[in-house]
Amino acid sequence: KQSTRENKNIYQLCREEQGLTREKASEKMVGMSASRIEKIEYELQEPSPYDVIQMADCYKRPDLCKNF
């Protein structure tokens, strides 16, 4: 299900561009739960450098590392 929320952050946009749900994305990353991805996307939690590296790899967007 696609989010209809406005003002999506870069992490959510990149995940959705890959056609991944939070659950599917979390399965492709080590130690990253769907709820943690949601918190990062809703800016309730800051991603660690390791989180950003994993998301950049999973979402095929190495440029995400520049945002950190």
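1. Start with the Arg 61 pairings. The side chains of Asp 63 and Arg 61 meet in a salt bridge at 2.8 Å, N to O. Salt bridge here means a side-chain nitrogen of Lys or Arg within 4 Å of a carboxyl oxygen of Asp or Glu. Asp 63 counts as partly exposed because its relative accessibility is 29%; the cut-offs are under 20% relative accessible area for buried, over 50% for exposed, and partly exposed in between, with a 1.4 Å probe and protein chains only. Arg 61 also meets Glu 17 in a salt bridge, at 3.0 Å, N to O. That pair links distant parts of the chain, with Arg 61 in the loop between H4 and H5 and Glu 17 in helix H1, 44 residues apart. Glu 17 has 56% relative accessibility, so it counts as exposed. Helices and strands, by the way, are DSSP runs numbered from the N terminus (helices H or I, at least four residues; strands E, at least two).

2. A word on what you're looking at. This is a predicted model, where local features need pLDDT of at least 70 and side-chain atom pairs count only at pLDDT 80 or more, while totals for chains, interfaces and linings use all residues. Residues are numbered from 1 along each chain as its sequence is written, and side-chain values use heavy atoms, with hydrogens and water left out.

3. How confident is the predictor? The mean pLDDT of the protein chain is 92, and 91% of its residues reach 70 or more; pLDDT is the predictor's confidence in each residue, from 0 to 100. Confidence is highest in helix H2 (residues 22–27), at a mean of 98, and lowest in helix H5 (residues 64–67), at 86. Where pLDDT is low, the predicted coordinates should not be read in detail.

4. Back to the charges. The structure holds 7 salt bridges. Some share partners, and these join Lys 8, Arg 15, Glu 16, Arg 22 and Glu 41 into one network. Within that group, the side chains of Arg 15 and Glu 16 meet at 4.0 Å, N to O.

5. Now have a look at Asn 9, in the segment before H1. Asn 9 counts as buried because its relative accessibility is 9%. At the start of H1, a side-chain oxygen of Asn 9 reaches to within 3.2 Å of the backbone nitrogen of Tyr 11. The Asn 9 side chain also has a polar atom 3.0 Å from the backbone oxygen of Ile 40, and it reaches the backbone oxygen of Glu 41 at 3.1 Å. Leaving out residues up to four places away in sequence, Asn 9 touches Ile 40, Glu 41 and Glu 43, where contact means heavy atoms within 4.5 Å. Just after H1, Gly 19 takes a positive phi of about 70°.

6. Which residues have the most contacts inside the largest nonpolar core? They are Ala 25, Met 29, Met 55, Tyr 59 and Leu 64, in a core of 14 residues. Helices H1 (10–17), H3 (34–41) and H4 (49–58) are the elements that give two or more residues to this core, and the largest share, 4 residues, comes from H4. A nonpolar core is a set of buried Ala, Val, Leu, Ile, Met, Phe, Trp, Tyr and Cys residues joined through side-chain atoms within 4.5 Å. Not counting residues up to four places away in sequence, Met 55 touches Tyr 11, Met 29, Met 32, Ile 40, Pro 47, Lys 60 and Leu 64.

7. Ala 34 is worth a click too, in helix H3. Ala 34 is buried because its relative accessible area is 18%. Its contacts, again without residues up to four places away in sequence, are Arg 22, Glu 23 and Ser 26.

8. Last, the cysteines. A search of the whole structure finds 0 disulfides, with a disulfide taken as a pair of cysteine sulfur atoms within 2.5 Å. Cys 58 is in no disulfide, and the nearest cysteine sulfur, that of Cys 14, is 11 Å away. Cys 58 counts as buried because its relative accessibility is 9%. Cys 65 is in no disulfide either, with the sulfur of Cys 14 again the nearest, 11 Å away. Its relative accessible area is 38%, so Cys 65 is partly exposed.

How values were computed. A polar contact is a pair of N or O atoms within 3.5 Å; within protein, one must be able to donate a hydrogen and the other to accept it, and residues adjacent in sequence count only if both atoms are side-chain atoms.
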